[in-house]
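Me: Hey, can you walk me through this protein? I'm new to reading structures.

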Amino acid sequence: MWRRLRSALRSLRGSPVAPPHGGGGRPPAAMERAVVRCVPSEPKLSLRFVLPDGSARHMQRDQAEPLGRALARIATNAAKGHGKAGKKSKKARAEGSAEGEATVPAVRLFSRDGAAVAEEVPNAAAWQDGAVLHIGDARYRVERNPPALTELSLPRSLLAGFPVCPKVSAEFAAPQHCVFRWFREQRPASGGDAAGEAWVETAAAERVFTPSNALVGLRLKLRCTPGDGEQRYGPAREVESSGPVEAGPGACTFDARHLYTKKVCGHDSVRAVSYNILADTYAQTEFSRTVLYPYCAPYALEIDYRQNLLKKELAGYSADLICLQEVDKSVFVDSLAPALDAFGLEGLFRIKEKQHEGLATFYRRDKFSLLSQHDIAFSEALLSEPLHKELCEQLAKYPLVQEKVLQRSSVLQVSVLQSTTDSSRKLCVANTHLYWHPKGGNIRLIQIAVAMSHIKHVACDLYPNIPVIFCGDFNSTPSSGTYSFISSGGIAEDHEDWISNGEEERCSMSLSHPFKLLSACGEPAYTNYVGGFHGCLDYIFIDRNALEVEQVIPLPSHEEITTHQALPSVSHPSDHIALICDLKWK
């Protein structure tokens, strides 16, 4: 604790932080720092500085308050600090307050050009970057909203050959402008323990670091200096890994696929990925370990291990769009979003109601900007949105089915993206995960009917005639009613899926949608391969009128999938397989 306090004091003292690696240097007359945090959306600003006696001060003042009141408060604080530092004798205290009054220092604020700032100026306007605060003889350089790290952490599990992506949160700074320096633990000399901790800087100076096999058994340390892209840097922070780098699993199922995706597509193409990544909330159950995946080594089901594989797999696809299903909220916030951000991808998340997992859509920032989001929960939209009124009235005729539909927590994520190089090119990107039960074909038909109506509203009404890319785990094989409905544009009321759970739950209705959709990756033999089942459940549907398939990245071979019997395994992080294709505008 005391070490952290001393570190905090040091960060407030000394000259403004110069660029790391020696750039900039120390100004001739070094001043203490007065750090001001002033955000327009907040009523108060904060001011932090260290008095000459070494005591730290942290003040909160109204932004609209006149500067004179803040300066008077600083003077009072400085006098109190001086009084504590020089404890007077009883005789001195008895001599009256005249001496005490004399110890109150003069406090003034001067602008960057040396002019005194008037005391009636509001705090928000007075405390500008580069101003100089005088407290008696002490001088403080004002740093207004300097770059600062609010969080810096490393993953719990580190594997040789797999990227280490730190979680970096900053204020008045951006990760792409921060400076990263990586260190490895000094290996103990043979025949004895190393004397104290020693760290050796690695050659890497990037945000993402991939440890080599030579670092197995050693811990890592990261030093990050926040920057704002305008040559301003804040105090550096360090974080050490909680454990050493461990050996990786060797060849993974996605290694051969990365040979096709080494580079990002050109601006006329879009590489899309759809992937159910297996939520930790489902992988870490006794049922999963003993019944669903008994063939998988327990450590390979641990989320920390699987995240290493997932981050390497997803980063290696160099994708423009990534639609993920079964994404734990904590995995998105703490792992995937920071990692993929480092590779140029922006992430959006929609959680399922009553669940800890949901959907995530990532898009490449230098190719697309986000225009709008139109996410829905199927059950909620069915009841509340006018465009589903007819379907809702039809469903009401079948109360058993209606009840099941409304109990489901499934959601649809819809994002409208615009090309950064051609504003006429927009995309409606939809992502979903339909009801899972093998006998739930009728439920899935209702869910997909809601989805298609909602996508029609977005892609035809709100943004007329923009192309659709619809990704997801549809829990439907190519012979199902759901697949037929999506790809053909309609389904008859006598389709066998309306009685998928028996005559008692018959739900017959005719459905249609206006889109011409094509499964971009075709109908693979399987996209889900577990001990008791394998089949094609995942798809990337595209608007065949506006997009065409350039290439489909081959799936892993059957031999690769079954090396460890089934999925997941030590070399594959999910029970599903990612679908990847390159699309081209027509």
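**Getting oriented**

Reply: Of the protein's 586 residues, 50% count as buried, where buried means under 20% relative accessible area, exposed means over 50%, and partly exposed is in between (1.4 Å probe, protein chains only). This is a predicted model, where local features need pLDDT of at least 70, side-chain atom pairs count only at pLDDT 80 or more, and totals for chains, interfaces and linings use all residues. Residues are numbered from 1 along each chain as its sequence is written, and side-chain values use heavy atoms, with hydrogens and water left out.

Me: How many helices and strands are there in the protein?

Reply: There are 17 helices and 29 strands. Helices (H or I, at least four residues) and strands (E, at least two) are DSSP runs, numbered from the N terminus.

Me: And what share of the contacts comes from residues 24 or more positions apart?

Reply: 70%, counting the contacts with a separation of 6 or more. Contact means heavy atoms within 4.5 Å.

Me: OK, cores. How many residues does the largest nonpolar core have?

Reply: That core has 44 residues, and L412, I446, I448, I455 and F470 have the most contacts inside it. A nonpolar core is a set of buried Ala, Val, Leu, Ile, Met, Phe, Trp, Tyr and Cys residues joined through side-chain atoms within 4.5 Å. In soluble globular proteins, nonpolar side chains tend to be buried together.

Me: Which element gives the most to the largest core?

Reply: Helix α15, with 11 residues.

Me: What does F470 touch?

Reply: Leaving out residues up to four places away in sequence, F470 touches L412, A430, N431, T432, I448, A451, M452, I455, Y539, I540 and F541.

Me: Why is α15 said to be largely enclosed?

Reply: Because 16 of its 22 residues are buried, α15 is largely enclosed by the rest of the structure.

Me: At what angle does α15 pack with α14?

Reply: α14 (residues 399-407) and α15 (residues 441-462) pack at about 65°, with their axes 10 Å apart. Axes are lines fitted to C-alpha atoms, for helices over the stretch in contact, and angles run from 0 to 180 degrees between N-to-C directions. V401, K404 and V405 of α14 make the contact with N442, I443 and I446 of α15. Those residues divide into four nonpolar, one polar and one charged; Ala, Val, Leu, Ile, Met, Phe, Trp, Tyr, Cys and Pro count as nonpolar, Asp, Glu, Lys and Arg as charged, and the others, Gly among them, as polar.

Me: New topic: which residues of α16 are buried?

Reply: G481, T482, Y483, F485 and I486. The buried residues of α16 pack against α15, β22 (490-491), β23 (511-512), β24 (517-519) and β27 (538-543).

Me: What about G481: buried or exposed?

Reply: With a relative accessible area of 0%, G481 is buried. G481 touches L445, I491, H495 and D497, not counting residues up to four places away in sequence. G481 and E496 are 15 residues apart in sequence and 7.7 Å apart in space, C-alpha to C-alpha.

Me: Which peptide bond is cis?

Reply: The one from L567 to P568, with omega near -5°. P568 is in the loop between α17 (558-561) and β29 (579-585).

Me: Last one: where is S241?

Reply: S241 is in the loop between β12 (237-240) and α6 (255-258). S241 counts as buried, at 3% relative accessibility. S241 and R156 are 85 residues apart in sequence and 7.0 Å apart in space, C-alpha to C-alpha.
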